[in-house]
Amino acid sequence: MSEGDDLLVVREVVAGYGAAPVLHAVDLTVPAGTIAAVVGANGAGKTTLLRTISGVLRPQAGRIELAGEDLRGVPVERLVHRGMAHVPEGRGVIGELTVDENLRLGGLWRRDRSDAARALDEVYQLFEPLARRRRHLGHQLSGGERQMLALGRALVGRPRLLLLDEPSLGLAPRVVARIMALLRQLRDSTGLTVLLVEQNVRSALSVADQGVVMSLGRVVTTAPAADLRDDVDLRHAYLGF
Amino acid sequence: MSPMHRTARRGLAIASTIVLLIATAACGDDGGSGSSRGNVPGVTDTEILVGTHMPLTGPAAAGYSKIAPATKAYFDYVNANGGVHGRKINYKIMDDGYNPANTQQVVRQLVLQDKVFAILNGLGTPTHTGVLDFLKTNRVPDLFVASGSRSWDQPEKYPGTFGFNPDYTVEGKILAQHVKTAMPGRKVCFLGQDDDFGRDSLAGVEKIFGADGVAVKQTYVTSNTNVAPQIGAFKAAGCQVVVLATVPGFTALSIGTAARLGFKPQWVVSNVGADHPTLSKQLGEAAPLLEGMIGGNYLPMQNDTANPWIQLFTRINKEHNGNAEFDGNTVYGMSVGYLFVQALLAAGKDLTREGLLEAVGKGGFQGPGLVPLRFSADDHSGYGGERLTRVSGGVQSYFGPAYETDEADGAVNEYTVTPVQPPANGVPTGN
Amino acid sequence: MSATSAATPPQERTTAAAGRPGDPHRRGSTLLRHLAVVVVAGLLLLGVSYVVEPFRNFQLATVAAYLCATAGLTVLTGLNGQLSLGHGALMATGAYTVAFCQNAFYDRGVTGGSLLLVSLAAAIVATVAVGAVVGVAAARLRGPYLAGVTLAVAVVVPALTVTFDGVFNGEQGLSVPVEPPPLALGAYFPYERWQLWIAGAATLLTLLLLANLVRSRYGRTFRAVRDDEVAARLAGIHVARTQVLAFVVSAATAGLGGALLAVLAQSVSPGAFGLTLSLFLLMAVVIGGLGRLAGAFWGAVLLVALPDLSHSVTEQLTLSAAAAQRLEGNLPLAIFGITLVVVMLVAPGGVQGLLSRLGRALLARLRAGRS
Amino acid sequence: MDRFVFLTLDGLSRGAVYAAFALALVLIWRAARVVNFAQGAMAVAAAYVAYSVATATGSYWLGFVVALVGGLLLGALVDRAVMRHVDHTSPLNPVIVALGLVLLIQAVLGMVYGSEFRPAEAPFSRGAFTVGGLAVLSPYDLFVFGAVTVVVCALAWIFARTAVGLRMRAAAFAPEVSRLLGVNVGGMLTLGWALASGVGALAAMLVIPTELGLHPHAMDLVFVSSFTAAVVGGLDSPPGAVVGGLIVGLLLSYVSGYAGSDLTPLAVLVLLLAVLLVRPGGLFAPVAARRV
């Protein structure tokens with residue numbers, strides 16, 4: 001079932017915080033070079049899914065594979081080495097560090113110092129406002145700038161798979177649109193694979209190749225994003241619009 | 001969770017608590033009272049149980065922790081030689097960490113639970129002050145307290161308490177008298193611990209020089225180890241003689257700090273802080289700074305190997321004290337032991353607490369001390385004088401005559417009686 | 001995991017607090033239940049005082065005195081979340097006040113059994129005043145900053161006795177004259193039993209008041225402030241006032257504890273109330289089980305048992321003189337240190353946490369056997 | 001005037017050591033949100049190791065190096081073996097564990113070395129240079145200033161300029177995010193403990209020769225002064241620790257020089273209250289305190 005070009009495979013994963021699991025046997029496959037959007041109501045388990053994939057939360061059962069390799073037992077901090085980057089909800093900008101330090105942190109693990117430096121420059125080119133505020137502390141940035149910073153910091157590591165948790169939260173529609181466009185642009189230019197978790201279903205589905213609908217800890221539907229956008233029943237049933 | 005259930009649980013907890021308490025109480029009763037003969041606590045036909053409280057741990061333990069083991073070693077020696085009137089002395093040493101709250105506990109344990117015959121050589125002014133009333137109410141002889149405070153000499157108020165050390169005022173007078181006669185016209189300054197030790201000592205010095213005779217008076221607290229400000233003040237005032245009423249650590253600090261500041265007065269140091277081995281160990285490579293330091297003492301010098309007392313004590317130290325390091329504290333501890341055995345002998349074969357106190361009150365003990373013990377019915381202080389010591393060529397030794405005086409306005413007199421020799425087998429005989 | 005342990009997640013705590021509604025019927029029964037427990041404990045203590053020998057009576061009296069202080073500290077730290085490294089200093093305040101009062105009475109030739117009550121009350125008042133000052137400062141501070149100030153208080157208050165030695169008589173301290181037991185009890189009534197009665201009665205009364213406070217509206221606000229200051233403020237609780245109140249209450253009990261210690265020892269000196277005491281009080285309440293009055297009891301027992309333990313441990317070993325000298329005193333401290341670390345690692349609920357777990361298991365077993 | 005200069009220099013040379021020790025406390029606080037009450041005892045343990053090595057080999061400097069390395073290892077050990085396993089939900093727990101460690105370490109030192117004071121050797125002369133009849137600093141004081149300055153600069157450089165410093169700061173501020181970015185947070189925590197404990201050992205090596213000597217309790221008083229210094233400066237701020245240390249050193253010197261040594265504890269309390277009532281997070285606290 002898992003073909004060569006499936007970058008991320010999640011099989012029968014059960015995970016949660018206490019005795020009662022939040023995720024019940026979740027299955028998910030993201031082909032390389034595509035954008036998958038996980039959508040669903042509050043409490044559907046979207047964030048928990050991302051946290052489980054990136055290893056912050058240990059699955060109680062099931063397996064997760066990245067490019068065919070089982071991730072069980074791989075410490076969180078080693079996952080960047082495997083090409084996975086996770087931008088957590090609330091953006092995870094470290095407020096006490098400067099913009100530059102935040103960005104450098106994203107590439108510190110890399111052996112190839114010169115490429116890390118190059119990646120840093122590219123991010124500054126990509127997010128020109130960040131270049132202007134290099135020396136500013138993280139907590140001095142606006143919401144949009146923080147999102148850029150978090151995204152840019154992930155990109156410094158030149159990931160194969162980007163896990164994005166609610167990138168649109170609290171941002172103006174114009175900024176959200178820019179970020180979504182950027183993701184598509186990155187997919188096309190670098191072959192980046194993105195797993196996106198969003199409340200903002202419209203814009204998520206507008207950018208994604210594949211849509212995954214979650215409800216109460218289960219995947220209820222996986223379909224091409226365009227189909228989901230048009231499936232009125234499904235939207236009414238799970239997405240509330 | 002129903003209230004019923006909770007009450008039950010609480011009841012269970014309380015019940016288990018009480019059971020545990022009673023169990024500890026029962027276990028603790030080790031039958032100390034069962035073995036006593038007649039009505040005298042701690043005394044049987046074969047044993048005399050004596051207790052003490054000492055700092056064995058904590059910052060104050062340095063030096064002092066050696067005293068009680070030395071006393072015990074002397075008792076072991078006496079026991080090995082047949083004991084006192086056929087009874088062996090069992091010396092129970094309790095650690096109070098120089099904390100008065102712990103002293104309360106351990107002394108009560110010794111008296112109420114272990115039922116000791118007497119408390120011997122309890123160490124420290126703040127610690128021992130707290131148990132005076134308790135010992136008095138329980139009529140426990142409280143002999144030879146290890147401190148130079150004047151509190152032990154209150155025969156009216158505490159008839160069962162006797163001191164051992166010369167009190168700090170007596171010492172201050174003797175040290176000051178020497179300064180006055182041997183170094184006339186010099187500018188004299190004083191550094192004392194900020195408690196009764198420093199106060200009483202300063203009182204003695206001022207009895208000789210008058211209240212205005214001491215140019216600069218400074219104090220220190222043990223919780224602040226920087227004495228540079230005080231020493232700096234002495235230097236600025238041009239002091240030529242500095243009298244120290246300091247514990248050994250602060251003697252070393254003061255002398256070291258002064259050298260650091262290029263200030264080299266004549267040091268005159270209380271017996272408490274003048275033990276040369278202790279000081280030179282603390283100063284390490286800076287020990288030559290002690291050269292010329294004048295101190296006071298009243299027991300044989302531990303380095304005086306020709307002294308028969310030191311020979312005796314060294315032997316006992318080897319045989320019964322694991323050959324521990326031999327210093328002034330060892331001599332002190334064994335001298336206390338010797339005096340106590342003398343007192344027991346004087347109290348006679350029918351040993352009672354009253355008998356012991358009466359015997360001590362009669363006085364007339366002669367032992368290793370260079371100056372008289374002042375015990376009498378209305379004087380419960382210990383040694384009544386000191387002899388001066390000087391460090392010369394890295395060796396601390398006596399010079400000049402021994403002096404005696406009182407803590408009031410009496411003159412400082414030479415004491416000319418030659419010290420006695422120890423008995424042949426090192427155990428006193430009744431006199 | 002019990003509802004008041006430090007490690008409990010907040011949700012559980014709030015439900016536990018909410019599970020005790022302010023229904024007057026229940027409240028009345030709580031008071032009665034506490035009263036019953038205290039009366040039973042008092043009777044038991046009375047019995048025990050006749051059974052055990054004088055030294056144990058004295059030790060129990062000392063436990064009672066320390067229990068006053070640890071109970072207050074556990075309310076402050078465990079229930080209100082304020083760390084205090086300075087309770088030894090508050091005990092010293094109470095102890096010195098009692099000393100001054102008793103000496104004043106005796107110097108004026110005033111005698112009588114009830115004077116001690118006046119002195120103890122004065123000690124509480126004085127400590128409340130000091131506690132209010134420290135508490136107002138404390139309410140502005142958090143975490144390590146609060147620890148820093150209370151640490152300084154713990155160091156400074158004993159040092160003041162040396163600075164003003166004309167009043168406090170320096171390191172040597174003051175003696176505390178105390179009346180002998182009333183003659184009605186007989187001429188040979190052991191003094192230590194009398195001491196236990198005094199200390200026990202005062203402590204049981206304190207515990208009764210504290211237990212009711214903990215279950216009252218104030219107790220709930222204490223916990224609310226500990227769990228989440230912002231939420232408490234939103235719920236209309238005056239956070240600073242609550243914190244000062246908690247500090248004052250615990251200062252009052254610490255003052256009483258110190259006063260009782262002074263009465264037991266018939267003397268007071270700064271060395272007994274140093275920084276070590278403050279730190280040991282804190283360790284005692286944590287080992288006993290933070291936030292529980294029963295845990296405060298175990299802590300107090302520990303404080304009294306430790307010096308005693310110091311001797312018996314080394315006595316059990318047969319050692320050379322030199323080795324014994326080194327181990328004496330140090331070995332028990334090492335054991336205590338390890339115990340403290342291990343307790344914190346494996347049983348953060350402390351002794352009382354373990355006991356109640358054990359008790360619950362026993363009850364469950366009993367019920368299972370019955371049904 | 002002479003007296004003022006004298007007291008100032010004396011206070012500064014004391015304050016430098018308090019600064020170093022306060023810095024060690026700040027390092028651990030920043031890394032692990034723990035006030036390490038065991039810092040003093042750990043530092044004394046390292047100093048005892050130095051003493052053993054120096055007596056056995058006759059080389060002060062070998063002992064000095066061993067003390068620093070020993071301090072680093074002890075810090076790492078305390079983190080790995082104990083502190084890591086402490087439940088940090090209540091800030092009290094690590095404090096109590098640290099107090100337990102103090103008892104344990106001091107008791108073990110007492111058992112191994114006894115409770116006597118051991119002389120602590122100073123590598124340079126402690127005799128002061130005299131300038132115009134006024135005793136100023138000694139070569140040893142200069143060594144203390146030099147060593148503390150080197151440590152402060154080295155730490156500042158590590159934290160501001162190196163990758164590992166960036167990792168350590170990130171791990172302290174945002175552990176979970178840092179892990180997601182490939183930072184070994186556990187390792188950084190251990191490194192933080194090791195560095196702090198090494199700095200503490202250095203402070204002990206510097207201060208003990210100026211004190212009563214080597215003793216299991218030798219750092220107790222230094223701990224109290226340094227903790228005060230760290231709190232005055234603001235526990236989150238390394239520059240605050242340095243400034244706080246110097247302030248406390250000067251205060252102690254002036255008060256005992258002009259007012260009397262018995263007033264020093266009171267002066268410390270007044271300083272603490274004065275600073276904290278105006279700035280509850282210390283002098284160098286960020287203006288908008290972070291809500292954690």
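Leaving aside neighbours within four places in sequence, V144(D) is in contact (heavy atoms within 4.5 Å) with S13(D), A16(D), V17(D) and L206(D). The model is predicted: local features need pLDDT of at least 70 and side-chain atom pairs pLDDT 80 or more, while totals for chains, interfaces and linings use all residues. Residues are numbered from 1 along each chain as its sequence is written, chains are lettered from A in the order in which they are written, and side-chain values use heavy atoms, without hydrogens and water.

**V144 of chain D**

- V144(D) belongs to helix α5 (residues 139-161) of chain D; helices are DSSP runs of H or I with at least four residues, and strands are runs of E with at least two, numbered from the N terminus.
- V144(D) counts as buried because its relative accessible area is 3%; buried means under 20%, exposed over 50%, and partly exposed in between (1.4 Å probe, protein chains only).
- A16(D) is 128 residues from V144(D) in sequence, yet their C-alpha atoms are 7.2 Å apart.

**Helix α13 of chain B**

- The buried residues of α13 (residues 353-362) of chain B are R353(B), G355(B), L356(B), A359(B), V360(B) and G361(B).
- Their cover includes β3 (118-120), β4 (142-145), β5 (161-163) and α12 (328-347) of chain B.
- After α13(B) comes G363(B), with a positive phi near 70°.

**Chain A**

- D230(A) lies in helix α8 (residues 225-230) of chain A and counts as exposed because its relative accessibility is 57%.
- Chain A and chain B do not touch, and their nearest C-alpha atoms are 22 Å apart.
- Chain A and chain C are joined by no contact, with their closest C-alpha atoms 12 Å apart.
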